[in-house]
Amino acid sequence: MKKKSSQEEVVKKIESIAKDDIYEKIKKRKLPELQMPLRALTNVKYDPKDGFFELVGKMKERTLTASTIKTFAQTLRMMAHAKNIVENDDITTKREMYYISKNWAEAMFKEQPESDTVMDDMEAMMMVNREQLGFIPEEKGGEVAGKLIVVDKDTDTGKDLRIDCTKFGSGAYSIPISVEHLKFETDAKFILAIETAGMFQRLLKHNYWKKANCILVSMGGVPTRACRRFVRRLSDERKIPVYVFTDGDMYGYANIYRTLKVGSGNAAHINEYFCVPQAKFLGVTPQDIIDYKLPTHPLKDVDIKRGKDALKNDPFIQHHKEWRNALEQMNKMKVRAEQQALAKWGLNYVIEKYLPDKLKKPNTWLP
Amino acid sequence: MAEEESKREEVPIAIELAKKQREISIASFFEKNRHLLGFDNPRKSLLTSIKEAVDNSLDACEEASILPEINVEVVEMTETKFRVIVEDNGPGIVKKQIPNIFAKLLYGSKFFKLSQSRGQQGIGISASVLYAQLTTGKPARITSRISKKHPSYYYELHIDTQNNKPEIIKEEEVEWGKEHGTRIELDLEGSYQKGDQSIDQYLKQTAIVNPHITIIYTNPKAEQIIFARASEQMPRKVVEIKPHPYGIEIGVLLSMLKLTEARTLQSFLMNEFSRVGSGTAKQICENAALLPNTKPKDISRDMAEKLIEGIKKTKIIAPSVDCISPIGQELLEKGMKKEINAEFYTAVTRPPEVYRGNPFIVEAAIAYGGQQNPEESMKLLRYANRVPLLYQQGACAITRSIINTMWRNYGLSQSKGALPIGPVSVVVHIASVWVPFTSESKEAIAHYPEIIKEIKLALQECGRKLASYVGKKRRLQFEGKKRDYIKMFIPHVGEALKELLKLTDKDEKNIEELLEEILEKKRGEMEEIEAKNLEYDEEFAKIGKEVETEEGENNEEKE
């Protein structure tokens with residue numbers, strides 16, 4: 001029932017933009033214009049009280065100019081498509097949307113990133129999730145193992161489906177694209193969000209979750225929206241802390257961890273729901289590289305640049321002195337270390353020494 | 001051998017040589033050096049003969065304020081022999097002068113005066129007569145009449161080359177339908193071809209810058225072309241002037257000082273030069289540190305040099321324009337429009353300037369774009385005193401000035417030391433009381449810095465206007481492209497809105513029309529900047545262009 005009304009709301013919203021901002025203006029011989037928030041780090045602010053990147057109000061316009069007319073037409077055509085699928089209770093994947101545009105002659109998208117951008121802009125313009133517009137991503141949501149029972153619904157019968165994440169053996173539970181309807185049962189002490197599938201596998205192999213009484217989440221790089229939302233809901237509802245374990249490099253800090261915790265500039269319009277402000281950074285910190293005498297790789301120019309960019313432009317990094325120090329420390333050390341570098345001290349060193357050690361010393365974490 | 005040499009030593013060689021040394025008649029000199037007067041090869045010789053006759057006719061008519069009507073006929077007698085007939089409605093020539101004017105080299109009135117005319121030296125027409133005589137042995141046939149009250153006279157003339165004197169073969173009174181005018185008939189060796197340096201081209205280019213004349217031309221193929229008068233307005237009549245002090249050279253100054261009747265330096269300056277009043281004359285004397293009452297005959301070479309320095313230091317107003325008759329921006333542009341179908345025309349007439357004491361005016365016009373080939377070199381039409389210059393383009397100061405102008409600033413491409421490339425034609429006219437040609441054949445203008453500077457200034461002025469046109473056109477093209485691009489997406493907006501708001505096909509059509517209207521309103525009117533050329537005359541433009549590809553001379557002189 002609730003779903004139904006939210007669909008009607010979305011359709012109404014689409015129609016009102018098409019009518020008030022475009023059609024009525026055209027009839028009055030005025031320039032029609034679509035306005036949407038600028039999605040970029042330059043247009044967000046970070047307030048730790050709210051805990052996520054918020055848009056500050058810079059807008060971009062699409063109208064009858066040479067540089068915006070194409071996306072103007074594409075946005076309207078995509079809005080028409082979205083209205084259509086929402087009314088018919090259907091879905092379109094991001095990739096499908098890209099192919100559908102191939103019917104639009106000169107207005108078609110040449111590459112999928114173009115159609116993804118227009119889709120994200122539509123989200124931002126209407127302040128709704130793309131899922132509400134009927135669009136779904138192809139991306140995997142991440143994997144989960146450990147002390148958790150996920151309560152899903154059988155799509156045929158509508159009955160509760162209890163999924164025990166301890167029962168996947170050497171495999172894992174896949175986070176679905178939409179997680180809003182899930183319920184959770186757990187007595188785990190914490191959630192450990194891990195950057196690489198390799199480290200996730202190592203911890204799984206030795207049933208680390210049993211030993212530490214925790215839930216393991218494999219993010220596989222920058223966490224998807226679904227993964228972020230899953231961790232957020234799980235943590236909020238069951239009141240369990242979230243610790244993040246990534247490679248000791250700029251990408252792990254400024255992209256993976258920062259996006260999980262406060263969201264991204266590009267998706268600033270939906271950060272409020274797709275972030276985990278309570279997350280803490282466990283490691284690998286620059287100091288860990290020294291303390292645990294980890295084997296390193298020299299920083300490449302792109303790493304150094306990424307670090308400098310983060311220090312200069314990332315409101316989250318700028319806000320936290322600890323992070324500024326960490327990044328500057330790494331730039332000075334000129335080296336980085338991967339999670340798996342801990343294997344230098346033995347395959348199970350991470351389980352037996354590193355993680356227990358770090359969990360005991362919150363003062364070595366980063367905010 | 002040795003014996004001979006020793007014999008020679010006895011009589012100084014100079015005495016032997018002296019036996020062979022005697023005065024060379026100008027006519028004999030020409031016999032050997034006819035290329036200097038433009039009679040290098042049969043094709044050019046035929047053109048030069050006609051050119052000299054036509055130039056003379058036009059000068060005579062204009063001097064007498066008669067709107068010129070000139071009949072030119074070229075008859076092919078054999079493949080290499082032609083009969084040339086040029087007949088005008090000019091003032092005619094008095095009986096006594098006819099033999100001298102046509103059969104004595106360096107005879108005439110134009111050399112001695114400073115005023116703008118086509119002929120200058122008094123060589124041209126008699127040289128044609130001589131050339132005809134040398135190549136066919138036939139005398140020149142002249143008919144002339146000065147008014148209906150006077151009879152017409154007919155002459156057959158040869159030139160006595162030894163003595164540079166006319167030799168009268170026949171002299172009689174004849175019946176002639178014309179009230180006044182002159183007709184000359186020459187048989188000479190030549191070769192007729194159309195193309196860039198042809199008679200047809202010469203006459204056409206003459207017509208372009210002389211809209212007040214009518215030429216009826218019958219070519220060797222017996223085709224008649226009439227270049228009809230486009231304007232009843234005669235060019236402003238020019239007055240003779242005295243030299244301007246600026247640019248006078250020491251040699252000329254010294255001979256002027258010798259010949260003058262003035263008794264003081266001050267009155268010499270005032271009487272013999274233009275633009276010098278008593279104030280200016282005193283100023284010159286002061287600047288030259290010479291006393292104004294010095295006798296001209298007492299002025300030494302050193303003092304003359306001081307005088308020239310003094311002139312340079314003195315501010316003297318520019319020479320009067322009365323002595324020069326420019327074509328004028330308007331007529332220049334009009335003439336170009338007739339010949340070239342372009343999209344942009346501009347012309348400029350510079351203020352008068354002075355070289356070597358001679359005032360001159362430079363005019364230039366540019367035609368850009370349209371049907372002209374963008375891959376080709378600039379097309380150049382050169383004129384001096386309203387006479388087209390067809391040969392020796394490479395040696396001419398006009399060409400040099402064009403090459404030295406930075407055409408890239410004006411949107412054309414140009415490699416170093418070359419004419420620019422682009423859809424562009426340029427006309428340059430220099431009018432002067434004395435046009436400095438590189439040779440008697442009057443084909444190229446000498447490289448005087450003052451002249452080159454003026455030509456460049458004229459070209460730059462045209463160039464700036466061209467650049468602003470080209471820039472504007474580029475912006476408009478870009479704007480047009482932008483609009484087309486935006487318009488391409490308007491139907492998509494219509495279709496999306498129709499789908500979104502469940503509109504009718506009629507609504508959709510209406511949306512598209514309104515959007516186009518909004519777009520035009522927002523971006524402003526597209527300006528139409530290409531010139532509508534109503535003057536372009538396709539038939540006219542074709543004249544002299546069809547190049548017949550016979551062997552040989554076609555390519556000579558192509559720079």
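In this predicted model, 19 residues of chain B are in contact with 23 residues of chain A, where contact means that the C-beta atoms of two residues, placed from the backbone, lie within 7 Å. The elements of chain B that give two or more residues to this side are α14 (449–501) and α15 (505–523), and the largest share, 12 residues, comes from α14(B). Helices here are DSSP runs of H or I with at least four residues, numbered from the N terminus.

Because the model is predicted, local features need pLDDT of at least 70 and side-chain atom pairs count only at pLDDT 80 or more, while totals for chains, interfaces and linings use all residues. Residues are numbered from 1 along each chain as its sequence is written, with chains lettered from A and ligands numbered from 1 in the order in which they are written.

Within chain B, the axes of helix α4 (residues 42–63) and helix α6 (residues 124–136) come within 8 Å and cross at roughly 145°, the axes being lines fitted to C-alpha atoms over the stretch in contact, with angles from 0 to 180 degrees between N-to-C directions. In this contact, B:S45 and B:E52 are among the residues of α4(B), and B:I125 and B:Y131 among those of α6(B).

The table sets out the classes, in which Ala, Val, Leu, Ile, Met, Phe, Trp, Tyr, Cys and Pro count as nonpolar, Asp, Glu, Lys and Arg as charged, and the others, Gly among them, as polar.

| Side of chain B that touches chain A | 14 residues | one residue | four residues |
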